[in-house]
Amino acid sequence: MKAEPGLPFHAFSQSKIKQYLTLTLYHELKTIRTPSGYSLDQAIRSGIENPDSSIGIYAGDMESYDCFAPVLLPIIEDYHHLDPGWSHKPGLEDAALPDLDPEQTFIRSSRIRVARNLNGFPFSGNMTPDQRLALEETVKHAFKTLPEKLSGAYISFTDLNEKQFNALLEKGLAFRKGDRFMDAAGINRDYPLGRGIFTSRDKVVRVWVNEEDHLRIMAQSPGGDIANVFNRLIQMMKALDNRLDFAFDRKKGFLTACPTNVGTSMRAGVHIHLDKLEQKPSFLETIATDHHLQIRGTGGEKTAVEKAVFDISNVRRLGISANTIVKDLHRGVQAIIQAERNL
């Protein structure tokens, strides 16, 4: 389906929103407002201002997924390669998988993260300053009531001076303003107001507050013990789920600002050194694809590979369970390490 003339998309744009938003559909949806006042024009602003957007639409709240379903659903089904009758698959049980690289010859670190938004609040691109602060207070209270084994400390970025903030950045604990795509979507507004980070006492679990989504819950540790990282993450996810009301839909799963993250909203990956496979990119790509994994640069999406260290993580997030994602990653990385050893 091609976009009809009349919409202000750049001629070179290859975004999903340009592909699926016809002029007729735009006119049908443009006067709709979600309960928090979000409009289609706000939703597609990032895709219009950034011709190189791959998706080009953001949700401003839970209700965006219903109000703008005629364009959001086809994008979700296309991006996630979903079969007819698809739906979110629950599943969040402890994993028992062997450490892939006990001597840490290849795997530098394992990291798993999920995004969560809170029911009752607009999403990050559609929040007022007061709403950002109210959300921060809500999650701070949840952090204070965590069980002892999950406890830690929360730091609000507005309480830090520049030197303190930069020190956190160097440790990978703080986050800067988002990129130009997020900026056009309104996600960077009021920064650093209402933003901060929770860190568990053992430094394994971190939670970013009011970044692209309300919460980005992460677990990370050196080496290749993916199961341990996953199990630590789900302990925190379940504890927060008991204290907070997450934005959730039975069919689409956990709802996020970017439609690419709905479902489990999980990215599970490793930083891995592949000196030999770096010279055989198509071979590496084939192994990754066979195991539903994607290869990114050392610093993640749209970055270069430095010193043969790759970021390898799951492609699928919707229509499969979190446990399946972790098993895919484990099997795929195992195959990649074996191929590296064989070369």
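Lys203 is found in the loop between strand S3 and strand S4 (205–209), in a predicted model where local features need pLDDT of at least 70, side-chain atom pairs count only at pLDDT 80 or more, and totals for chains, interfaces and linings use all residues. Residues are numbered from 1 along each chain as its sequence is written, and side-chain values use heavy atoms, with hydrogens and water left out. Helices (H or I, at least four residues) and strands (E, at least two) are DSSP runs, numbered from the N terminus.

**Backbone geometry in loops**

- Lys203 has a phi near 70 degrees, which is a positive value in a residue other than glycine.
- With a relative accessibility of 57%, Lys203 counts as exposed; the classes are buried for under 20% relative accessible area, exposed for over 50% and partly exposed in between, using a 1.4 Å probe and protein chains only.
- Gln104, another residue other than glycine, has a positive phi near 55 degrees.
- The loop that holds Gln104 runs between helix H5 (69–79) and strand S1 (107–116).
- Gln104 is partly exposed, at a relative accessible area of 39%.
- The peptide bond joining Tyr191 and Pro192 is cis, with omega about 5 degrees.
- Pro192 sits in the loop between helix H8 (180–184) and strand S3 (196–200).

**Packing of H10 and H11**

- Helix H10 (residues 281–290) packs with helix H11 (residues 322–342) at an angle of about 155 degrees, and their axes are 9 Å apart. Axes are lines fitted to C-alpha atoms, for helices over the stretch in contact, and angles run from 0 to 180 degrees between N-to-C directions.
- That angle makes H10 roughly antiparallel to H11; angles under 35 degrees count as roughly parallel, over 145 as roughly antiparallel, 65 to 115 as roughly perpendicular and the rest as oblique.
- H10 and H11 have a right-handed crossing. A crossing is right-handed if the near helix is turned clockwise from the far one by less than a right angle, and left-handed if anticlockwise.
- On the H10 side, Phe283, Leu284 and Ile287 meet Gly332, Ala335, Ile336 and Ala339 of H11; contact means heavy atoms within 4.5 Å.
- The residues of this contact comprise six nonpolar, one polar and no charged. Ala, Val, Leu, Ile, Met, Phe, Trp, Tyr, Cys and Pro count as nonpolar, Asp, Glu, Lys and Arg as charged, and the others, Gly among them, as polar.

**Aromatic rings**

- Seven aromatic pairs are found in a search of the whole structure. Rings of Phe, Tyr and Trp (its six-membered ring) pair if their centres lie within 6.5 Å; planes under 30 degrees apart count as stacked, over 60 as edge-to-face and the rest as tilted.
- Phe246 and Phe254 form an edge-to-face pair, at 6.5 Å centre to centre and with 80 degrees between the planes.
- Phe246 is buried at 7% relative accessibility, and Phe254 is buried at 16%.
- Phe157, Phe165, Phe175 and Trp208 are linked into a cluster by ring pairs.

**Surroundings of selected residues**

The contact lists here leave aside residues up to four places away in sequence.

- Ser13 lies in the segment before helix H1 (16–20) and counts as buried, at 4% relative accessibility.
- Ser13 touches Lys18 and Pro51. Its C-alpha atom is separated by 7.3 Å from that of Ser53, 40 residues apart along the chain.
- Asp99 is in the loop between H5 and S1 and is partly exposed, with a relative accessible area of 33%.
- Asp99 touches Gly224 and Asp225. The C-alpha atoms of Asp99 and Ile226 are separated by 6.9 Å, although these residues are 127 residues apart along the chain.
- Asn231 lies in helix H9 (residues 226–243) and is buried, with a relative accessible area of 15%.
- The contacts of Asn231 are Asp94 and Ala95.
- Arg296 belongs to strand S9 (residues 293–296) and is buried, with a relative accessible area of 14%.
- Arg296 is in contact with Arg267, Glu301, Val305, Phe310, Asp311 and Ser313.
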